[in-house]
Amino acid sequence: MNKNFNFLPKQYKNSKLKINHNYLSSQFSDHNHILKKISKVVKKNDFTLGEEVNIFENNIKKLIGAKHVVAVGSGTDAIFLSLKCLNIKEGDEVITTPFTFYATIGAIVTSGAKPVFADVNFDFNIDPKEIEKKITKKTKAIIPVHWAGKICDMDAIMKISKKYSIPVIEDSCHAILAKRYGKFAGTFGRMGCFSLHPLKNLNVWGDGGYIVVKNFQDYKKLSLMRNHGLVSRNKNLLFGYNSRLDTIQAVIANHLLKKLKYLTKKRINNSYYLDKNLKNFKNLEIIKREAKSTEVFHLYCLRVKRNKKSVLKQLIKGGVDVKVHYPVPMHLQPAAKYLKYKKGDFPITELISRETISLPVHEFITKNNLDRIISIFKKIYEK
């Protein structure tokens with residue numbers, strides 16, 4: 001029998017651990033209500049780019065003050081389609097961070113371009129000064145990643161964009177409702193890309209994503225590209241792709257949007273409670289918070305400067321689903337060998353990758369859960 005390469009849900013939830021990153025059973029405990037809404041879609045046969053998709057796009061526009069929104073099949077597709085909308089092709093270069101999820105780089109590579117990495121700062125986000133060093137005549141786009149829901153230094157990045165006439169595509173997949181100086185993630189650059197993957201702050205029952213767009217011509221082109229370039233059943237304006245947000249998934253997204261501000265506030269409150277109680281341990285390094293920014297904590301990341309393996313082991317032993325996002329940066333992944341980067345090329349990224357751990361802070365984490373996590377750190381560091 002051939003080996004099955006599908007990933008199974010058990011990788012996301014460990015029943016032996018009491019404080020898990022995965023919270024989907026609790027979040028969708030009202031699934032019967034959602035299924036009733038889905039049954040209406042089934043009865044109407046409204047499966048592809050249906051009414052609920054229109055409603056979702058308009059809801060996002062109102063939520064963050066966006067001019068245009070295009071719902072697509074995934075966050076990865078959102079980045080890929082944005083690149084293709086800019087006519088990115090083979091031989092072009094796209095500058096981004098090596099400290100990101102694989103999808104950012106995969107979208108660049110499958111668009112035909114070469115990913116060019118720029119190191120990060122200790123806030124885990126790409127360093128604008130490093131971006132400018134990597135610009136060449138082949139540079140056709142910059143993709144900053146708002147890691148864990150903290151917006152990059154977009155003022156500096158947009159100045160670079162303007163100076164060199166290079167468009168910015170924001171990877172905002174972690175950053176729904178994040179703000180910097182009152183402005184939402186995804187609204188700084190030419191496009192902002194978001195994911196609706198089940199483990200994102202705003203999620204659905206499979207894959208999904210959307211693109212926030214400023215320019216009407218980009219909006220029109222992206223709307224065509226996601227749907228084969230069709231304007232009608234019998235008229236094709238361009239040869240595009242199949243990347244439509246399913247109407248059924250839009251039902252779920254619209255349902256969860258009503259809870260989004262609440263669950264975001266819970267993540268923020270839980271994260272600041274951990275900040276307050278973990279900040280004085282000398283072997284832990286917490287990211288500096290900016291007073292005029294709103295982080296949404298898709299992940300709560302901190303650096304463990306000593307004995308990381310032991311800390312991970314003791315947290316797991318204490319029932320905490322601690323994770324590492326991510327131990328191997330993109331430039332050192334097997335898939336990136338052809339780019340010919342080597343260990344030491346991006347020292348801050350590599351240091352952060354060695355030291356970082358992620359703790360669960362979602363809306364179903366209780367104060368008792370947080371106190372349990374804090375007590376384990378106390379046992380570790382107050383021996």
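Tyr181 sits in the loop that links strand E6 (179-180) to strand E7 (183-184). Its phi is positive, at about 55 degrees, although Tyr181 is not a glycine. The model is predicted.

**Backbone geometry**

- Tyr181 counts as partly exposed because its relative accessibility is 46%, and the range between 20% and 50% is given that name.
- Lys340 also has a positive phi, of about 65 degrees, and is not a glycine.
- Lys340 belongs to the loop between H11 and H12.
- The relative accessible area of Lys340 is 74%, so this residue is exposed, the cut-off being over 50%.
- His325 and Tyr326 are joined by a cis peptide bond, with omega about -5 degrees.
- Tyr326 is found in the loop between helix H11 (308-317) and helix H12 (347-355).

**Nonpolar cores**

- In soluble globular proteins, nonpolar side chains tend to be buried together.
- The largest nonpolar core has 48 residues, and those touching the most other members are Phe56, Ile60, Ile131, Ile157, Leu202 and Tyr210.
- Two or more residues of this core come from each of these helices: H2 (31-44), H3 (51-64), H7 (154-164), H9 (247-257) and H10 (260-278).
- Strands E1 (68-72) and E9 (209-213) likewise give two or more residues to this core.
- The element that gives the most to this core is H9, with 6 residues.
- Ile131 has contacts with Ile95, Ala118, Ile126, Ile142, Ile157 and Ile160, when neighbours within four places in sequence are left aside.

**Contact of helices H10 and H13**

- Two packed helices are described by the angle between their axes and the distance between the axes.
- For H10 and helix H13 (residues 367-381), the axes come within 10 Å and the crossing angle is roughly 25 degrees.
- H10 and H13 are therefore roughly parallel to each other, since angles under 35 degrees count as roughly parallel.
- The crossing of these two helices, H10 and H13, is right-handed.
- On the H10 side, the contact is made by Asn270, Tyr273, Leu274, Asn277 and Leu278.
- On the H13 side, the residues are Lys367, Leu370, Asp371, Ile373, Ile374 and Phe377.
- By type, the residues of the contact of H10 with H13 are 7 nonpolar, 2 polar and 2 charged.

How values were computed
Residues numbered from 1 in each chain as written. Predicted model: local features only at pLDDT ≥ 70, side-chain atom pairs only at ≥ 80, totals over all residues. Heavy atoms only, no water. Core = buried A, V, L, I, M, F, W, Y, C linked by side-chain atoms within 4.5 Å. Buried < 20%, exposed > 50% of the residue type's maximum accessible area, 1.4 Å probe, protein only. Helix = DSSP H or I, 4+ residues; strand = E, 2+ residues; numbered from the N terminus. Contact = heavy atoms within 4.5 Å. Axes fitted to C-alpha atoms, helices over the stretch in contact; angles between N-to-C directions. Parallel < 35°, antiparallel > 145°, perpendicular 65-115°, else oblique. Left-handed = near helix turned anticlockwise from the far one by under 90°. Nonpolar A, V, L, I, M, F, W, Y, C, P; charged D, E, K, R; others polar.
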